Amino acid sequence: MDKSFTLSRNENGIAVLTMDVPGETMNTLRAEFGPEISEVLTEIRSDHQIKGLVIISGKKDSFVAGADISMLDACTSADDAKQLSQQGHEVFLALEALTIPVVAAINGPCLGGGLELALACHMRVCTDSAKTMMGLPEVQLGLLPGGGGTQRLPRLVGITTALDMMLTGKQLRPKQALKMGLVNDVVPESILLRTAIEMALSGKKMPKKAKASMVNRVLEGTSAGRNIIFDQALKQVNKKTHGNYPAPEKIIDCVRQGMTKGLIKGLEVEATHFADLVMSPESEALRSIFFATTEMKKESGAGDVQAKPVKKAMILGGGLMGGGIASVTTTKAKIPARVKDINETGLSNALSYAYKLLDKGVKRRHMTSAARDNLMALMTTTTEYKGIKDADIVVEAVFEDLGLKHQMVKDVERECGEHTIFASNTSSLPISQIAEAAQRPENVIGLHYFSPVEKMPLVEVIAHEKTSAETIATTVAFARKQGKTPIVVQDGAGFYVNRILALYMNEAANLLLQGESVEHLDKALVKFGFPVGPMTLLDEVGIDVGAKISPILEKELGARFQAPTAFDKLLGDDRKGRKNGKGFYQYGTKSKKKLVDESVYAVLGITPTATSDAAEIVQRCVLQMLNEAVRCLEEGIIASARDGDIGAIFGIGFPPFLGGPFRYIDTMGPAKLVEILNQYAQDHGERFKPCAMLVEMAETGSRFHS
C-alpha cells in the first residue's frame with residue numbers, strides 16, 4: 001500500500017515529514033493513518049541525529065482539509081466514535097511530547113483535524129497565500145473538535161478568542177492568525193519550507209503570546225472571571241440556537257472543564273462529548289447536507305452532457321436583483337458582465353452595489369484597492385444593445401411582466417449569437433410561457449436567485465420541456481462559478497422553493513387573522529429553527545410581492561393557494577413592508593428591539609389574543625410546507641428528495657438540524673404526518689389534504705432516504 005507519510009532527513013539534522021494521501025486532491029485525516037504515524041514517531045525518537053521536525057503537505061494548495069467525515073458514518077455506537085477521538089489524542093500527545101522542536105508548515109486550507117495537528121506542533125508558520133485559511137469548523141456539522149482542539153486552542157490564543165472560533169466555525173486568514181498568536185510567522189510560499197527549517201533549528205518552542213484586550217486579560221486570569229466568560233458564552237449560544245443545536249453547549253463545557261481541571265481531564269471530556277454528538281440526530285442531519293452538497297458539485301444537472309464555457313455574461317436590469325447578479329458574476333465567477341438598463345440611474349445603482357460589496361473587503365484588509373478596481377473593470381454598462389454580440393448567457397432581472405419578458409427574448413435573439421442562453425430570474429412566471437416568444441426555445445431557461453443575491457446560497461435552474469441539455473449544463477456550471485448551489489427543477493408556477501414557501505406563509509396569515517399576534521407567530525417559528533419568522537419575512541420580501549405571486553399560483557395550481565384576504569387590506573393601507581417603512585413591524589425607530597406596528601391589527605380588523613400554543617402554530621405552518629414539498633416530488637418538479645432538502649434549507653432557511661423537509665418527514669414517519677394532515681383537513685379545510693404520494697408511503701411504510 002502507498003504510504004501517506006514520508007520522512008526525509010536534511011544534512012543540518014532537520015527531518016521533514018510530508019503528508020500526501022495517494023489518489024486524493026486534498027489531505028484528510030483518517031483513522032487508519034494511526035499506526036503509520038506512530039511508526040514514524042518511533043523512528044524519529046530513536047534517531048539521535050534528528051534535531052528538529054517539520055510537518056508539511058505534499059499537496060500543491062492545501063495542508064490538511066480536516067478529518068475524513070465518512071469515518072463518522074461508519075460509527076455504529078458512541079464507543080466507536082469515542083475511540084476515534086481517543087486515537088487522535090494519543091497520536092497528537094505523542095507528537096507534542098517529542099523533545100525536539102516540531103514545526104507545522106502550512107499552505108492552503110488547514111481546517112478541523114488539520115488545525116488540530118498543527119496545534120499539537122510546537123510552532124506554526126503559514127504562507128500569505130489567499131488560499132491559506134485556518135479554522136475549526138466542526139460546529140457546522142453539529143460536532144466539536146475531537147482531536148484536542150478544545151484544549152490546545154484556548155491555551156494558545158486565549159479562551160475568548162478560542163470560543164469565538166469554535167462556536168462560529170469561522171476561518172481565519174494568515175494575517176489574522178498571526179495577530180492572535182495562532183501562527184508564529186507568515187511568509188511567501190517560496191520560502192515556507194526554508195523558514196520552517198530555520199525555526200526548527202533555532203529550537204524556540206514558546207509562541208509569542210497574542211496581545212489580549214485588557215478586559216479579556218483580567219477575566220481570563222481568574223477562575224471567577226473565567227466563569228463569567230463561560231456563562232456569557234452559554235447565554236449567547238442559547239439565544240442564537242434556541243436549544244436546537246447541542247454542539248455549542250458541549251464545546252463550552254469542554255473548554256471550561258479543561259481549563260479548570262487540566263489537559264488530560266479536558267481531553268477525556270472532549271472525547272465523550274464528541275462521541276455523543278457523532279451519534280446525535282442533529283449532527284447526522286447536518287452531515288447529510290454536507291454530503292449532499294459535495295455530491296451535487298460533481299453533477300452537471302444534465303447527465304453526461306458537458307457545459308459550454310461562459311466567457312461573457314449580460315445582465316438585463318440594474319435593480320437590486322440585477323446589481324446583485326452582476327456583482328457575483330464579476331467578483332465570484334470572474335466573468336465579464338455587461339449590465340443593460342433603460343436609464344443611467346439603474347446602471348449607476350448596479351455599479352455602486354458591486355463597488356460597496358468589494359470595498360468592504362478593502363476596508364477589512366482582505367483585498368487591495370487594486371484588486372477591487374480590477375474586479376470592477378469586469379463590469380461594464382450600456383443603455384442600448386451594444387457590445388453584447390458575444391455574450392454566452394443573458395440573465396434578465398426585469399419586472400414580473402410577461403409582455404416585457406417576451407420583448408427581452410426577442411431583443412436578445414436579434415442582438416446576440418445563436419448559442420446565447422436566455423436565462424430569466426422570474427420568481428413566479430412559468431418559463432414555458434416566457435419561451436413562447438422565442439425562435440430558439442432550447443436556449444431559454446429559468447435562473448431564479450434569492451435576495452440578497454450575494455448572501456443567499458441557492459439558485460433554482462428551471463428547465464421547460466424544450467430546454468436543451470447543453471443549456472441546462474452550462475447554466476448550472478455558470479451558477480456554480482458564482483458561488484451558488486444550483487438545483488435543477490422542472491417548470492411550473494412558483495417552481496419549488498416559492499411554491500412550498502407560499503403555503504407556509506398563507507397558513508401564518510390565516511393564524512394571524514384568527515387572532516394570533518405578529519410577535520407570537522414569529523417567535524414560535526424562530527424557536528422551531530427558521531432564521532426569521534413568517535411576518536418578518538413578508539416585510540423583508542415585500543407584502544406587494546407576496547400579493548402578486550399568490551394569484552399566479554392559485555390560477556396554475558388550484559384553490560389551496562388562495563391567499564387570505566389580509567393582503568388586500570394591507571396593500572389598501574399602503575403597507576409594503578420594509579421597502580416603504582410600513583408593514584407588520586415599525587421601521588425608522590431608535591429602539592434596538594424590533595417593535596410590532598400595533599396599528600396593523602386595526603387594518604386587519606382583529607384583536608390579537610395569542611391563544612394557540614407555539615407547537616400548534618409551528619405544526620400548521622410547517623405541515624403545509626411538507627405536504628407541498630412531497631407533491632413537488634410527486635409531480636417531478638424536483639428530481640429527488642435530496643434536492644428538495646437542499647432547496648428548502650438553502651433557499652428559505654428550513655432548519656438545517658432537521659436535515660430538510662424530506663428527512664424531517666422520515667424522522668416523523670409518513671403515517672404520523674398523514675394522520676395529522678387528515679385531522680387538520682377535517683378541522684380547517686381541504687387545503688390540508690395529504691397528497692397521494694404521502695398516503696401511499698404511509699400505507700407501505702416507505703421512506704425518502706435509505
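The entries below go from the whole chain to the sheets, and then to single residues.

**Entry 1: ground rules**

I noted that this is a predicted model, in which local features need pLDDT of at least 70 and side-chain atom pairs count only at pLDDT 80 or more, while totals for chains, interfaces and linings use all residues. Residues are numbered from 1 along each chain as its sequence is written, and side-chain values use heavy atoms, with hydrogens and water left out.

**Entry 2: the whole protein**

I looked up the secondary structure and found 30 helices and 17 strands, where helices (H or I, at least four residues) and strands (E, at least two) are DSSP runs numbered from the N terminus. The C-alpha trace spans about 80 × 60 × 55 Å along its principal axes. I then compared the radius of gyration with that of a compact globule: for 706 residues the globule would have a value near 27 Å, and the protein's 28 Å agrees with this. The radius is taken over C-alpha atoms, and the globule rule is 2.2 Å times the number of residues to the power 0.38.

Of the 706 residues, 55% are buried; buried means under 20% relative accessible area, exposed means over 50%, and partly exposed lies in between (1.4 Å probe, protein chains only). Among contacts (heavy atoms within 4.5 Å) with a separation of 6 or more, 74% join residues 24 or more positions apart.

**Entry 3: the six-stranded sheet**

In what order do the strands of the open six-stranded sheet stand? I read the order as β1-β2-β3-β4-β6-β9, with mixed pairing; two strands pair if DSSP finds at least two bridges between them. The edges are β1 (5-9) and β9 (185-187), and each has a single partner strand, so one side of each is left without a neighbour in the sheet. From one strand to the next the twist averages 20°.

Inside this sheet I followed β4 (residues 102-106) and β6 (residues 123-127), which pair in the parallel sense over four bridges, and I found that Val103 has Met123 in β6 as its bridge partner. Helix α1 (residues 33-46) lies across β1, β2 (14-19) and β3 (52-57), and runs at about 15° to β1. For such angles, axes are lines fitted to C-alpha atoms, for helices over the stretch in contact, and the values run from 0 to 180 degrees between N-to-C directions.

**Entry 4: the eight-stranded sheet**

A further open sheet has eight strands in the order β12-β11-β10-β13-β14-β15-β16-β17, again with mixed pairing. Its edge strands are β12 (379-382) and β17, each of which pairs on one side only.

I looked at β10 (residues 313-316) and β13 (residues 393-396), which run parallel and are joined by four bridges; Met314 has Val394 in β13 as its bridge partner. Helix α19 packs on the sheet, touching β10, β13, β14 (421-424), β15, β16 and β17, and its direction makes about 25° with that of β15.

At the β17 end, β16 (residues 458-463) pairs with β17 in the parallel sense over six bridges. With helix α19 (residues 469-481) between them in the chain, β16 and β17 make a right-handed β-α-β unit: with the strands pointing away from the viewer, the path from the first strand over the helix to the second runs clockwise. Strand β17 (residues 485-490) is mostly covered, with five of its six residues buried.

**Entry 5: cysteines**

How many disulfides are there? I used the rule that a disulfide is a pair of cysteine sulfur atoms within 2.5 Å, and the count comes to zero. Cys121 is in no disulfide, and the nearest cysteine sulfur, in Cys110, is 9.2 Å away. Cys121 counts as buried at 4% relative accessibility. The sulfur of Cys632 is 9.4 Å from the closest one, in Cys691, which is too far for a bond, and Cys632 is buried at 0%.

**Entry 6: two single residues**

His520 sits in helix α21 (residues 518-528) and is partly exposed at 22%. Not counting residues up to four places away in sequence, His520 touches Ala610, Ser612, Ala614 and Ile617.
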